[in-house]
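Here are my notes on this structure. Please read them with the coordinates open.

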Amino acid sequence: MDEPLKIGGEYCTTYGTLWKDGTYFPRGTEVSVVGLHIDQGFCVRFPTTLDGEPLETWEDWSEVDFLAETGSVEPPARPLSTAVLAEARDVLSEAEDGCHLHLHDDET
């Protein structure tokens, strides 16, 4: 992205995200930035709620390539493979609540 992230800005994800609860968002999902912090990074809100609360996560600044301009990312050509999804769910099964994994195209 050429422009700096902005609170309230709408962006597309550049890779898929699997949450511990099993919710999966493919590459190209539209999200919004709801917080910025020098040390903590940026807070991303996904387009769903969990137990009535917005599904959000703080991403480290090293993950800034996770976001791109809205409309600039094509959704994946094929769905996430069941083998990759099963392996990722296994990894997340022992993680803390609220944890998630980013799945890049070469992993799907």
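1. Terms first. Strands are DSSP runs of E with at least two residues, helices are runs of H or I with at least four residues, and both are numbered from the N terminus. T13 is found in strand β1, residues 10-13.

2. Basis. This is a predicted model, where local features need pLDDT of at least 70, side-chain atom pairs count only at pLDDT 80 or more, and totals for chains, interfaces and linings use all residues. Residues are numbered from 1 along each chain as its sequence is written, and side-chain values use heavy atoms, with hydrogens and water left out.

3. T13. Its relative accessibility is 1%, so T13 counts as buried (under 20% is buried, over 50% exposed, in between partly exposed; 1.4 Å probe, protein chains only). Contacts (heavy atoms within 4.5 Å) of T13, leaving out residues up to four places away in sequence, include P26, V31, F46 and F66.

4. The sheet. Five strands form an open sheet in the order β6-β5-β4-β1-β7, with antiparallel pairing. Pairing requires at least two DSSP bridges between two strands. The edge strands are β6 and β7 (67-69), each pairing on one side only.

5. The β5/β6 pair. Strand β5 (residues 41-50) pairs with β6 in the antiparallel sense over 6 bridges. F42 has E59 as its bridge partner in β6.

6. W58. This residue lies in β6, residues 53-59. W58 counts as partly exposed because its relative accessibility is 39%. Beyond four places in sequence, W58 touches several residues, among them H37, F42 and C43. W58 and H37 are 21 residues apart in sequence, with C-alpha atoms 9.4 Å apart.
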